[in-house]
Amino acid sequence: MNLERLGFSRLTYSELIFTIKLKEMVNAAPMGVLLHGDEEIRLRVYRGQRTYEMIINGAKDCVLNITDDPILFYNAIFEKDKISYTPAQRVSSPRISDCDASVECSIVNVKMHKGYVEVFLKPLLINVTSKAAKTYTRVGPAIIEALICYSKIPYFKDADREKAESLKKRIEVFRDIVYRSSRNRTFRRIATEILTRAEEVL
């Protein structure tokens with residue numbers, strides 16, 4: 001199983017929709033995951049989420065549903081009844097019908113921490129339905145948005161100083177997103193450089 005071809009990384013979080021089943025209860029929720037070691041995936045699930053309760057109460061498996069469709073992410077939080085499921089092949093948790101790919105996993109270890117659990121998954125089956133299937137990461141869009149903001153600062157620094165300062169603050173937010181989403185040095189260097197250059201222009 002080559003999870004890296006789907007975009008999974010040890011340094012950068014892949015954002016996907018996690019589905020889990022416990023008895024008759026099914027839940028879907030957006031989650032960020034990292035590769036761990038050679039054959040595992042890990043994630044943090046925070047207290048107060050339904051997924052957290054299902055895991056600590058004994059759920060044994062899950063499905064990582066890969067999509068970049070913002071409506072599916074929205075539905076996984078606010079309109080769960082609109083999600084269409086299909087049975088998985090190797091696990092009891094269902095797959096989401098409209099995703100580009102899915103990874104069926106068993107839950108192999110759960111470590112309790114203050115306020116969250118760290119969950120370790122063993123992939124059992126990858127199902128790809130789209131040749132373009134890739135995990136979504138927050139890093140790329142954050143860097144692009146930071147660059148768009150930066151490109152406007154030279155004009156606004158004279159025309160509207162308040163607007164220029166506001167653009168710099170947005171770049172700070174995007175830099176923070178990059179740092180929270182990835183430990184990749186190149187991504188972090190780029191995000192920091194955009195902010196530094198924005199500060200120099202101002």
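Student: In what order do the six strands close into a barrel?

Tutor: The six strands close into a barrel in the order 1-2-3-8-7-4, and their pairing is antiparallel; strands are DSSP runs of E with at least two residues and helices are DSSP runs of H or I with at least four, numbered from the N terminus. This is a predicted model, in which local features need pLDDT of at least 70 and side-chain atom pairs count only at pLDDT 80 or more, while totals for chains, interfaces and linings use all residues. Residues are numbered from 1 along each chain as its sequence is written, and side-chain values use heavy atoms, with hydrogens and water left out.

Student: How do you know that strand 1 and strand 4 pair?

Tutor: Two strands pair if DSSP finds at least two bridges between them, and strand 1 and strand 4 have four bridges, in the antiparallel sense. Within strand 4, N65 is the bridge partner of I17.

Student: Which residues have the most contacts inside the largest nonpolar core?

Tutor: A nonpolar core is a set of buried Ala, Val, Leu, Ile, Met, Phe, Trp, Tyr and Cys residues joined through side-chain atoms within 4.5 Å, where buried means under 20% relative accessible area, exposed means over 50% and partly exposed lies in between, with a 1.4 Å probe and protein chains only. The largest such core has 29 residues, and F8, F18, L64 and L121 have the most contacts inside it. A second, separate core has 15 residues, including A142, I143, A146 and F174.

Student: Why is the pair of Y74 and F78 called tilted?

Tutor: Rings of Phe, Tyr and Trp (its six-membered ring) pair if their centres lie within 6.5 Å, and planes under 30 degrees apart count as stacked, over 60 as edge-to-face and the rest as tilted. By this rule there are four aromatic pairs. The ring centres of Y74 and F78 are 5.2 Å apart and their planes stand at 45 degrees, so the pair is tilted.

Student: Is F78 buried or exposed?

Tutor: F78 has 60% relative accessibility and therefore counts as exposed, whereas Y74, at 41%, is partly exposed.

Student: What makes Y155 and F156 an aromatic pair, and of which kind?

Tutor: Their ring centres are 4.9 Å apart and their planes stand at 75 degrees, so Y155 and F156 form an edge-to-face pair.

Student: How do you know that K163 lies over the face of F156?

Tutor: A charge sits over a ring if NZ of Lys or CZ of Arg is within 6 Å of the ring centre and within 35 degrees of the ring normal. K163 lies over the face of F156 at 5.7 Å from the ring centre, and R175 lies over the face of Y179 at 4.2 Å.
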